[in-house]
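Take a look at it first, and then we'll walk through it together.

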Amino acid sequence: RSLSTTARQSLRIGLIPADGIGKEVIPAARAAIEALGSDIPKPQFVDLVAGWETFTRTGVALPQDTVDVLRNECDCALFGSVSSPSRKVVGYSSPIVALRKELDLYANIRPVVSVSAEVGQKASVDLIVVRENTECLYVKQEQLTDGPNGKEARATRLITEHASRRIGQMAFKLANARPRKHLTIIHKSNVLSVTDGLFRETVRSVPTLPGVDGKYDGVTIAEQLVDSAVYRLFREPEIFDVMVAPNLYGDIISDAAAALVGSLGLIPSINAGDSFVMGEPVHGSAPDIEGKGIANPLASIRSAALMLRHLGYTKGADRLDTAVDQVIREGKTLTPDLKGTSTTTEVLEAVLKKI
Ligand code: GGG
């Protein structure tokens, strides 16, 4: 399926709230999309299930029907959050990791941007983490064996040229479209010289690929070991523009970067492939606040904006982002993660008024 947007009469959006506060924030994103009216093709929402709760009910965390409907009947999707257990459960496998693989959503794009005090003022943090989404330790090949001194656990970490090249291409494309055009490759090649070495070299080689023809000549390339990248992120976030990383480093760095802008509850993402895109707040299912009605809906609304922007609906995306920025800037209607006292519904209503 093509991502071309011009001829669409309607936009079929799969909604997979999954677990915990996903069930509270995805409906808020839906309401924000509905408020856009004719700025986007008429949205048609398709409710789908996946997650830990689905597993406990049905024995399957990612029903085949969910994958089939997304693949065959939807133009895009929004995923909430999942409560995967941190112990091995026979028959269970993370549905979000599986979905990214099933739909070949190889790029997880996570912008982390602070909202400036005044409109037009430069944001103090303005970066994008581009996380490889299909391999690294997330291939989840783990083994537990008995060794001479007790149990031994092993995990396979897979880095391929193919996956590193396409995430590199995505990162260069994004960097080239930004004013600073600066790309930092995150790795740990001083220790993992084979796996991270392949990632680094493959990303570095993108400008020399056939067909690039000097397109990325304006992009400056830097490298940073992942540990020092986190240190520098906290000390001088302004040095970063686009950061490209293997799966696990990208996951950790984007959560760390979220701390710089006030809350994980503000950070959106898309899982993007060549023919499908799925928005997803970076935060998890937050069992500590589940059901209390105080989850921050802004990351999900921003994820909807990012998804629409990726599909080419710039006007609709801008309206969502501007409304969210206004609500944050005013500071009157914020959830507790941002030191406010408002509920999810109150924040949504404030955003809807701005839209
Ligand atoms: N929206 C992000 C999210 O749900 N994070 C939780 C998560 O990814 N948990 C690990 C997993 O289930 O794979």
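How do the residues of the shell around the ligand divide into nonpolar, polar and charged? They split into four nonpolar, six polar and one charged. Keep in mind that this is a predicted model: local features need pLDDT of at least 70, side-chain atom pairs count only at pLDDT 80 or more, and totals for chains, interfaces and linings use all residues. Residues are numbered from 1 along each chain as its sequence is written.

**Around the ligand**
- The residues surrounding the ligand are S81, V82, S84, S94, I96, V97, E280, P281, H283, G284 and S285; a residue makes this list if its C-beta atom, placed from the backbone, lies within 6 Å of the ligand.
- For the classes, Ala, Val, Leu, Ile, Met, Phe, Trp, Tyr, Cys and Pro count as nonpolar, Asp, Glu, Lys and Arg as charged, and the others, Gly among them, as polar.

**The whole protein**
- The protein has 11 helices and 12 strands, which are DSSP runs numbered from the N terminus (helices: H or I, at least four residues; strands: E, at least two).
- Its C-alpha trace spans about 60 × 50 × 45 Å along the principal axes.
- Among contacts with a separation of 6 or more, 73% join residues 24 or more positions apart; a contact means C-beta atoms, placed from the backbone, within 7 Å.

**Two domains**
- Domain 1 covers 1–109 + 267–355 and domain 2 covers 115–261, with bounds from an automatic or database domain assignment.
- The C-alpha centres of the two domains lie 23 Å apart.
- Where they touch, 14 residues come from domain 1 and 17 residues from domain 2.
- On the domain 1 side, α4 (95–102), β4 (107–113) and α10 (314–330) each supply at least two residues.
- By class, that side of domain 1 has eight nonpolar, two polar and four charged residues.

- You'll spot N72 in helix α3 (residues 64–73).
- N72 counts as exposed because it has 8 C-beta neighbours inside 10 Å.
- N72 and V130 are 58 residues apart in sequence and, C-alpha to C-alpha, 27 Å apart in space.

How values were computed: Contact = placed C-beta atoms within 7 Å. Buried ≥ 20, exposed ≤ 12 C-beta atoms within 10 Å, placed from the backbone.
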